[in-house]
Each structure stands twice: as C-alpha cells, then as structure tokens.
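Please consult the sequence and the coordinates alongside the text.

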Amino acid sequence: MNKITIIGAGRVGETTAQILAEEELCREIALMDVREGIPEGIALDILQMAPFFEFDCSINGSSDPQILRDSDLVIVTAGLPRKPGMSRSDVLEANVRIIDGVTDQIMQYAPDAMVLIVSNPVDTLTYRVAQRTGWDRNRIFGQAGVLDAARMASFIAQETGFSALDITTMVLGGHGDTMVPVPRFCTINGIPISHFISEERIAAIMERTRQGGAEILALRKNSSAYDAPGAAVAAMVDAIVNNRRRLLSCVALLEGEYGESDIAMGVPCVLGERGMESIIELDLNARERADFDRSASAVRADIERLNSLSLS
Ligand SMILES: NC(=O)c1ccc[n+]([C@@H]2O[C@H](COP(=O)([O-])OP(=O)(O)OC[C@H]3O[C@@H](n4cnc5c(N)ncnc54)[C@H](O)[C@@H]3O)[C@@H](O)[C@H]2O)c1
Ligand SMILES: O=C(O)C[C@H](O)C(=O)O
C-alpha cells in the first residue's frame, strides 16, 4: 500500500502511526489533526525512530485536509474519548459532528480510499460514515472486535498460564457493555477453553472482557486505552496491506446478515486487499443469539438517537 492517512493525531492516532511505521505497512504515513503543529511534531518524532526500527517510509503531519490526497486507506481516530463513569455512547453527540466533518474531507480529498473507523461509539459512527458516503460497504469498516478479542485472549493466557500466541478468541456485537464474547469459538491451539477453565471462570473472563475498556480508563484516569487499540488497528491494516484474508471480528454494515440490516456492528469478516470482503454468518445457539440481539438493540438505540439529532 502506498499511503495511509490517520485523522486524529491523539493517543490512538499516534500509537497507530508508530506501529505502522515500525512494521513498514506502507510507503507514506500522513497524520492530520485540528491542533496546529501537533501532527507535524508527532510525524517528526516518529521519523526519528527510523534508525532504531530500520524503516524508511515517509511520515508527514498537517492540519490541512489536503494531506488526505492520494490516500489508499484513511484511519479515523478523531474525536473525544469518554471519561471515567461515562459509556462510549455518551460521546456520540460530540463525535458525530466531528466525524461528519471528517467524512466530508475524506469524500473531497480521498474519494477512492477505504475508511477504518476507530472513534467511539464505533458501531454507530461506522454506520454514519457508511450512510454519509454511500460507498460500498467493503470500503467502510470499524475496529472493535480485534481489540476485544485480544483482551479476552490475554485474560485467558493469564488464567491458564499458556502463551497468548496459541489462544484464539471471538467477540461479536456492539463495542459496548453488551458486546458478545463467544467462548464456544475460543480455543487454545484448537482445544476448547472449557477443557482448561471452569464455567464460572469463563463467565468472569467474559465479563472482564466486556469491561476491558472501562478497566483501563479507571486506572489511567485521564485517558482511555491506546496501546492495544493501536496494535489492533495495525493488525487490521496488516491484513489489508498483505491481502491476508484474515477472519477477524470487524464492525461492518449488515445487509441482512444475522437477520439485521441498516445497522453496523461487530461480526466475523474476511479482511483483505479490498477491505471488508465478506461477512461470515455463524450458526449461533439460542444463548448467543439472544446476547447478539440484545447488543444489536443497544446499537440501534444509539442509531435512533443519532437520527433524532439535528445535524446537517
Ligand atoms: N474502537 C476502539 O476500539 C477504540 C479504542 C480506543 C479509543 N477509541 C476512540 O478513539 C477516539 C480517540 O481516542 P484518543 O485516546 O486518541 O483521544 P485523544 O483525545 O488523545 O485524540 C483525539 C484527537 O482527535 C483530534 N480531533 C478532534 N477533532 C478533529 C477533527 N475534526 N479533525 C482532525 N482531528 C480532530 C483531537 O485534536 C485529538 O488530537 C475516541 O473516540 C476513543 O473513544 C476507540
Ligand atoms: O474504553 C474506551 O472508551 C476506549 C475503547 O473503546 C476501548 O475499548 O479501549
């Protein structure tokens, strides 16, 4: 891939840029932020890591949206993070106004790009970008399940003492308190986690996963998570850039899959060079289905709130 632009040079944007550079996932990284000087400063700082990490891609920053020109992929991390005690939905109203402006800039300067949304509430904002652009849904998708699955895998690694490398997890639904970790699809080198962990402890890990973002927010106080989120975004970029066709939980616009439409939420997707290439429909059991439906209702409530706002 030639050029990736990150809109929002805050904590998640900066961490993502660092990892993209270290892993040399494209030839050119651009950072854009409304805070003048900040994106330029971050770009210069990351560039000076090049001799240590041995990369030679270019990194530039600007507050001018023209920096978006020629982007193959745009990553959106612009917007407010929640504060302790808030839900991700509490920043919807502030962030949709930011996301609308950013979407218009992407449509003007990078009309052929794919767009990866990170800003919260990520399901509703991915839906919003899809609606506003009208672009094919393979080009518009969000990051949530890759991070949530990594959190669950790290908790399972702590619980069992096994390497996180061997742990595969799956988290579906909206990226909120109703997210749906699916233990039936969680394994340690192919062996179901129920072989190693009691039902009671699995339930505790599922709940800790649902609260994974809030746990970090409570500890960090002035900031929500950004290290693992940056790594999760980079993993998605790697799947696209290298056309790996990885099966990852992504926020995708549903068109009848899982019995849902006119909504975006976390489902297993194939991620490759064309972006969100397809959605895998799993045969959920009654319990999983009920949890998925509950999560869809929570996302739908946010979409209804979004639709009731007077926005241009
Ligand atoms: N989906 C996920 O898994 C996930 C994970 C972590 C964070 N997030 C979300 O990502 C967002 C960013 O989090 P953060 O910790 O980096 O916040 P932050 O405050 O550190 O950074 C946000 C940046 O956005 C910039 N910004 C605001 N309006 C802009 C605009 N119109 N154009 C360009 N830049 C603009 C701000 O100046 C700031 O630098 C939050 O909404 C947060 O909740 C999502
Ligand atoms: O918790 C948050 O608000 C940020 C992000 O969604 C996360 O899960 O870390």
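The points below treat each ligand shell in turn and then the helix.

The model is predicted. Around ligand 1 there are 35 residues, and the shell draws at least three residues from each of domain 1 (3-142) and domain 2 (145-311). Ligand 2 lies between domain 1 and domain 2, because both give residues to its shell.

**Ligand 1**

- Gly-8, Gly-10, Val-12, Ala-78 and Asn-120 come nearest to ligand 1.
- Helix 4 gives the most, with four residues.
- By class, the shell around ligand 1 holds 18 nonpolar, 13 polar and four charged residues.

**Ligand 2**

- The shell around ligand 2 consists of Pro-81, Arg-82, Arg-88, Asn-120, Leu-147, His-175, Gly-213, Ile-216, Leu-217, Ser-224, Ala-225 and Pro-229.
- Helix 8 (residues 212-220) supplies the largest share of this shell, three residues.
- Six residues of the shell around ligand 2 are nonpolar, four are polar and two are charged.

**Helix 9**

- Helix 9 (residues 227-241) has 15 residues, and its span of 21 Å from first to last C-alpha is close to the 21 Å expected at 1.5 Å a residue.
- Pro-229, listed around ligand 2, is among the buried residues of helix 9.
- Just after helix 9, Asn-243 adopts a positive phi of about 45°.

Note on methods:
Residues numbered from 1 in each chain as written. Chains lettered and ligands numbered in written order. Predicted model: local features only at pLDDT ≥ 70, side-chain atom pairs only at ≥ 80, totals over all residues. Near = placed C-beta within 6 Å. Helix = DSSP H or I, 4+ residues; strand = E, 2+ residues; numbered from the N terminus. Nonpolar A, V, L, I, M, F, W, Y, C, P; charged D, E, K, R; others polar. Domains from an automatic or database assignment. Expected span 1.5 Å × (residues − 1). Buried ≥ 20, exposed ≤ 12 C-beta atoms within 10 Å, placed from the backbone.
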